[in-house]
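Subject: Structure handover

Hello,

Here is the structure I promised to pass on. Please open it first, then read my notes below.

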Amino acid sequence: MPHPSGSPLSLSDLAESLVHHDEISAAARLLAGRIRRTPVLPLEGSELLLKAEHLQLLGSFKIRGALNAVAALSEDVRARGVVAFSSGNHGKAVAYAAGLYGIKATVVMPHTAPAVKVDGVRALGASVELVTPERRDVYPYELAERTGAHLVHPFDSRAAIAGHGTLALELLEQVPDVSAVLVPVSGGGLLSGVAAAVKALRPQVAVIGVEPELAGDAAESLRRGERAVWTTADAYRTCADGLRATTLGTLPWAHIRRLVDDIVTVSEDDITEALCCLARQGRQLVEPSGAVAPAALLCGRHVPPATAGPVVAVVSGGNADPALVASLLTAPS
């Protein structure tokens, strides 16, 4: 059975494996009119701008990669159905894409996933199989092998990375003088797509990954120069349930080590503070994962030079567990 992150690439492979700008442009043409062009919103009391992917179709950026990946399959492969593993947002996106093509989708989710995300996947017509967190990234491969369904990987996929890169194409048109883009990191697909698009068109723009300290494998990987692997128990400590990948994908790591300027981490208190700031000052209700990138600037983890242009943070998702968000917003400061 293949490892969930794929087999390691050689150094020569790394240089040739990066997603090209023309792949991202092709994804943008395919997605045009099928997803939303999300706005860039100012945050009251801050110089930070928000790329509002929580207002995207289905409430997260994931539809960009999932729909592009399902569309790229041949009819014969699609007819066998698709399998995905997800904490929720990718699962919803795959379920939606499968519905568009009239095919069966099965989404494997950890039993710890918020009910709002599990219910959201089922509402879109997919079957959900709940497993332990340790099995979430393993069982889908067994399921795909047994059923013949195609695994739509959430981040270790050229088509997914190209789809996510369309976010950056929009952003560069919306904020032409942007100086830095803050992007949340889990398996690395979104960060890879944004970096590939930005560095192809505006190489001077800084691309900064942001992740929770309690799931900081990407920051450790960049410091060490090789992929770090965290345990599931460690990564699942963060409240940002969408960012609990235990290691970067092989293909995302190839992009990150060549194209990403830095990766910073934020604490759980930082995430809560940013989530509350977005709700109270920005009047934007987001999930904890969506608050991670804004937290880097709002809490001083990334401070751009005074002479730099606008900084934009990607708010990646808004599929919040109501009880969790309510508890964070009402907690004593």
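Two strands count as paired if DSSP finds at least two bridges between them.

A word on confidence before the rest. This is a predicted model. The protein chain has a mean pLDDT of 92, and 94% of its residues reach 70 or more. The exception to note is residues 1-12, where pLDDT stays under 50. The model still has 25 contacts for this stretch beyond four places in sequence. Where pLDDT is low, the predicted coordinates should not be read in detail.

The six-stranded sheet

β7 and β8 belong to an open sheet of six strands. The order is β1-β2-β10-β7-β8-β9, and the pairing is mixed. At the edges stand β1 (40-42) and β9, each with a single partner strand, so one side of each has no neighbour in the sheet. On average, neighbouring strands are turned by 30° against each other, direction ignored. Helix α13 (residues 268-280) packs on this sheet and touches β2 (49-52), β8 and β9. The direction of α13 makes about 85° with that of β9.

Now look at β8 itself. How many of the seven residues of strand β8 are buried? Six are, so strand β8 (residues 206-212) is largely enclosed by the rest of the structure. β8 also runs parallel to strand β9 (residues 262-266), joined by five bridges. Here Ile 208 stands opposite Asp 262 in β9.

The four-stranded sheet

There is also an open sheet of four strands, in the order β5-β4-β3-β6, with parallel pairing. Its edge strands are β5 (127-131) and β6 (150-151), and each pairs on one side only. Strand β3 (residues 82-85) and strand β4 (residues 105-110) run parallel and are joined by four bridges. Val 82 stands opposite Ala 105 in β4. Helix α5 (residues 89-101) lies across β3 and β4. It runs at about 165° to β3.

Over to you.

Best wishes

Note on methods: Residues numbered from 1 in each chain as written. Predicted model: local features only at pLDDT ≥ 70, side-chain atom pairs only at ≥ 80, totals over all residues. Heavy atoms only, no water. pLDDT = per-residue confidence, 0-100. Contact = heavy atoms within 4.5 Å. Helix = DSSP H or I, 4+ residues; strand = E, 2+ residues; numbered from the N terminus. Axes fitted to C-alpha atoms, helices over the stretch in contact; angles between N-to-C directions. Buried < 20%, exposed > 50% of the residue type's maximum accessible area, 1.4 Å probe, protein only.
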